[in-house]
Amino acid sequence: MMDDRSKVLLKTLIERYIEEGQPVGSRTLSRFSGLDLSAATIRNVMADLEDLGLVTSPHTSAGRIPTPRGYRLFVDTMLTIRPLEEVASKQVEQSLYPDAPQKVISSAAQLLSNLTHFAGVVMTPKRSQIFKHIEFLRLGEGKILLILVTPEGDVQNRILPTNQDYSPAQLTEASNFINAHFSGKSFSEVRSRLRAELDHLRSDIAGLMALALENGVSDTGLNHPDMVISGERHLLDVGELSSNLSKLRKMFDMLEQKSLLMQLLDVSSHADGIQIFIGGESELLPYEDLAVISAPYSVDGQVVGTLGVIGPTRMAYDRVIPIVDITSKLLSGALSSP
C-alpha cells in the first residue's frame, strides 16, 4: 500500500516526465509536488517506488522515469481528464458528418492523428450479419441484379442468373415481401424462415426467393473487419520511439501487419467506453514504449468497430482521452440513421 505522500510524488513524477521527456530528479519533485520534504526523504520514497516496480532509473541519469506499471496506476487512479478545448471540439464536429461510411471512417482516423500528433486508427465495421433493405432489378432476360443494404449503409450488388424471366412487377413484389417480413433479421434467420414459407407462396415469388437464398443472401466473408491508420509518421517525431532502430522496426512491423493491433482493437469492441493499453503489460501490446487509447463506436446502438490513438506511453493522457471519446460518439452519430 502507498501512502498519500508516495502517491503525490509518483503523480508529480509522471506529469513532469510526460511534460518534459527527461528523467525526474528529487529537486524537480520538491519544486512541483507542493510537499515540504527534504531531498533525502524524496530519494527514500523514490527508492520505495522503484522497489514496487512503479519507477525505474535509466543508466544515464540519477532521475527516474515511470514504468508501464507506474503509468497504469497513474491512469487508473490519479488522472484528471481535461475538458476538450473549444477549437478542437469544433474541429471534431465539423470533420465528421454523414457521408459515405468509408469516407467518414478515413476522416475519423485522420482527425485523431491531427489532434493528437500521433497515429489514429479506426477498425472498420464488421460487415453486418443483418440486412436493412433488399431489392431486385431486371437486367435482361435470364439476369437479375440483387441489391443488399446493411444497417451500416454498406451496399452489395450481386448478379443472379435465372432460368425464368421475371417481370418488374414480380421483382418489386418479392422485394416488398422480404423487406416487410425480414428487414432487420439475421441472414441465417431469413434462410430458415423463408425455407419454411416457400411452399405457401406463389410459384414465381417462391422461385425468386429460393434464388436469392442460394446466390444472394449469404454471410460469407461479411465478418472480417479491416482498419484505417493515419499519421504513422508522427511517431517518428517521438524521441523515445525513433532513437532505437530495433524498436522502430518492431513498431512499424506491428502497424504494417495489423494482426496484433486488430486483436487489441477487437478486445476494445467488447468493453464499455475508453480502454487504455499500456505497452509491456500484456501480449496484446508487447512494446514497452507504446500505448493505445481506444473506444468502441456504434451504428444505431450496435457496436460495430473501434477507434483509437497509438502513441508513446509518455503521452498527455488527460488530453488524448477526451479526443478519442468525443470522436467515437460523433462517428457513431455520423454512421447511424438520422
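Let's start with a term: a residue is buried when its relative accessible area is under 20%, exposed when over 50%, and partly exposed in between, using a 1.4 Å probe and protein chains only. A second term: strands are DSSP runs of E with at least two residues, helices are runs of H or I with at least four, and both are numbered from the N terminus.

Now the ground rules. This is a predicted model, where local features need pLDDT of at least 70, side-chain atom pairs count only at pLDDT 80 or more, and totals for chains, interfaces and linings use all residues. Residues are numbered from 1 along each chain as its sequence is written, and side-chain values use heavy atoms, with hydrogens and water left out.

First stop, strand β3. This strand covers residues 119-123, and five of its five residues are buried. Which residues lie on each side? A119, V121 and M123 are on one face, with G120 and V122 on the other. Both faces are covered.

Next, the partners of β3. Two strands pair if DSSP finds at least two bridges between them. β3 pairs with β10, residues 302-312, over four bridges in the antiparallel sense. There, A119 sits opposite I310. β3 also runs antiparallel to β7, residues 227-230, again with four bridges. V122 faces V228 in that strand.

On to two helices. How do α2 and α3 cross? The axes of α2 (residues 26-33) and α3 (residues 39-51) come within 9 Å and cross at roughly 105 degrees. Axes here are lines fitted to C-alpha atoms over the stretch in contact, and angles run from 0 to 180 degrees between N-to-C directions. Angles of 65 to 115 degrees count as roughly perpendicular, under 35 as roughly parallel, over 145 as roughly antiparallel, and the rest as oblique. So α2 and α3 are roughly perpendicular to each other. Contact means heavy atoms within 4.5 Å. From α2, S26, L29 and S30 make the contact; from α3, A39, I42, R43 and M46 do.

Now helix α7, residues 168-182. Its expected span is 1.5 Å times one less than its number of residues. For 15 residues that gives 21 Å, and the end C-alpha atoms are 21 Å apart, which agrees. Among its buried residues are L171, F177 and F182. After α7 comes G184, with a positive phi near 90 degrees.

Last, I65 in strand β2, residues 65-66. Leaving aside neighbours within four places in sequence, I65 touches L13, Y17, P23, V55, T56 and P58.
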